[in-house]
Amino acid sequence: MGTIEGPVTSAAPNGTMALLRSLSCDGSGITGTSPVLSSTSPSLTLDFCPKPMGALEKTRLSRSNVPPEKTITRKDSYMLSRLFAPKVKVSAHCDLPCGVYDPAQARIEAESVKAVQEKMAANDDAQFQTRAIGIKEQRAELAKHHVSVLWSDYFKPPHFEKYPELHQLVNDTLKALSAAKGSSDPATGQKALDYIAQIDKIFWETKKA
């Protein structure tokens with residue numbers, strides 16, 4: 001129960017302004033009587049009584065009162081987790097100066113290309129042919145990758161000066177692998193292997209130097 005003191009005016013039914021000396025609040029409204037009016041003056045009930053503190057706290061903590069821009073959605077939470085997640089950098093050995101290079105990587109993939117071509121020639125099943133084409137193309141791309149890494153990362157200007165045919169040899173090898181990628185003829189796979197063998201020979205000669 002709270003008491004509010006002060007001049008509050010209200011129009012009485014008979015038009016006389018009443019001065020309320022004290023008002024009482026019971027949580028549902030403000031009621032009071034004017035001592036300057038007669039005993040027949042009606043009491044007044046006002047509806048602006050403050051809410052209890054408990055109600056105010058519940059209202060203050062209600063989610064409906066939280067501005068939309070302050071609410072963290074699931075998408076915001078995901079973005080924050082990505083933003084503050086630890087960064088991990090992964091690199092293949094050929095992207096680092098570790099010195100681990102070997103034409104055998106390209107040779108093995110090219111041998112796979114030729115082996116698949118031979119199997120395709122011996123099997124007419126449509127499903128097998130579809131699977132074989134996918135594998136052959138994948139292996140051919142891997143062989144091209146390993147040859148390109150040798151050309152760009154391993155061979156240095158002194159090597160190209162000593163072996164001036166190296167640039168053209170690498171280019172011919174890549175083109176041969178592309179041809180094997182799009183063909184089922186084992187002869188194209190063998191041609192790519194022959195070019196890789198020439199690169200392999202030069203590579204090991206540079207290793208001995």
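**Entry 1**

I use buried for a relative accessible area under 20%, exposed for over 50% and partly exposed for values in between, computed with a 1.4 Å probe on protein chains only. The model is a predicted one, in which local features need pLDDT of at least 70 and side-chain atom pairs count only at pLDDT 80 or more, whereas totals for chains, interfaces and linings use all residues. I number residues from 1 along each chain as its sequence is written, and side-chain values use heavy atoms, with hydrogens and water left out.

**Entry 2: Aromatic pairs**

A pair of aromatic rings is described by the distance of the centres and the angle of the planes. I took rings of Phe, Tyr and Trp (for Trp, its six-membered ring) as paired if their centres lie within 6.5 Å, and called planes under 30 degrees apart stacked, over 60 edge-to-face and the rest tilted. Under this rule I recorded five aromatic pairs. In one of them, Y154 and F155, the ring centres are 5.2 Å apart and the planes stand at 70°, so this pair is edge-to-face. I checked both partners for burial: Y154 is buried at 10% relative accessibility, and F155 is buried at 3%. I then turned to F203 and W204, which also make an edge-to-face pair, with 5.0 Å from centre to centre and 85° between the planes. I noted one aromatic cluster formed by Y101, Y154, F155, F160, F203 and W204.

**Entry 3: The chain as a whole**

I counted helices (H or I, at least four residues) and strands (E, at least two) as DSSP runs, numbered from the N terminus. The chain has seven helices and four strands, and along the sequence their order is β-β-β-β-α-α-α-α-α-α-α. Of its 209 residues, 27% are buried. I took contact to mean heavy atoms within 4.5 Å. Among the contacts with a separation of 6 or more, 53% join residues 24 or more positions apart.

**Entry 4: α3 against α4**

Two packed helices are described by the angle between their axes and the distance between the axes. I used axes that are lines fitted to C-alpha atoms, for helices over the stretch in contact, with angles from 0 to 180 degrees between N-to-C directions. The axes of α3 (residues 104-121) and α4 (residues 126-154) come within 8 Å and cross at roughly 160°. α3 is therefore roughly antiparallel to α4; angles over 145 degrees count as roughly antiparallel, under 35 as roughly parallel, 65 to 115 as roughly perpendicular and the rest as oblique. I noted this crossing as left-handed, meaning that the near helix is turned anticlockwise from the far one by less than a right angle, clockwise being right-handed. The α3 residues in the contact include A106, V113 and V116, and those of α4 include F128, I133 and L142. I sorted the residues of this contact into 13 nonpolar, five polar and four charged, with Ala, Val, Leu, Ile, Met, Phe, Trp, Tyr, Cys and Pro as nonpolar, Asp, Glu, Lys and Arg as charged, and the others, Gly among them, as polar.

I also looked up S112, which lies in α3 and is partly exposed at 25% relative accessible area. S112 is 26 residues from Q138 in sequence and 9.9 Å from Q138 in space, C-alpha to C-alpha.

**Entry 5: α7 and its partners**

I found α4 and α7 (residues 186-208) packed at about 30° with their axes 12 Å apart, so α4 is roughly parallel to α7. Their crossing is left-handed. From α4 the contact uses V147, L150 and Y154, and from α7 it uses I196, I199, F203, T206 and K207. I listed these residues as six nonpolar, one polar and one charged.

The axes of α6 and α7 come within 8 Å and cross at roughly 155°, so α6 is roughly antiparallel to α7. This crossing, too, is left-handed. Among the residues in contact are L166, L169 and A176 of α6 and Y195, I199 and I202 of α7. I recorded 12 nonpolar, four polar and two charged residues in the contact of α6 with α7.

**Entry 6: D185**

I placed D185 in the loop between α6 (166-181) and α7. D185 is partly exposed, at 38% relative accessible area. From D185 to Q117 I noted 68 residues in sequence and 6.1 Å in space, C-alpha to C-alpha.
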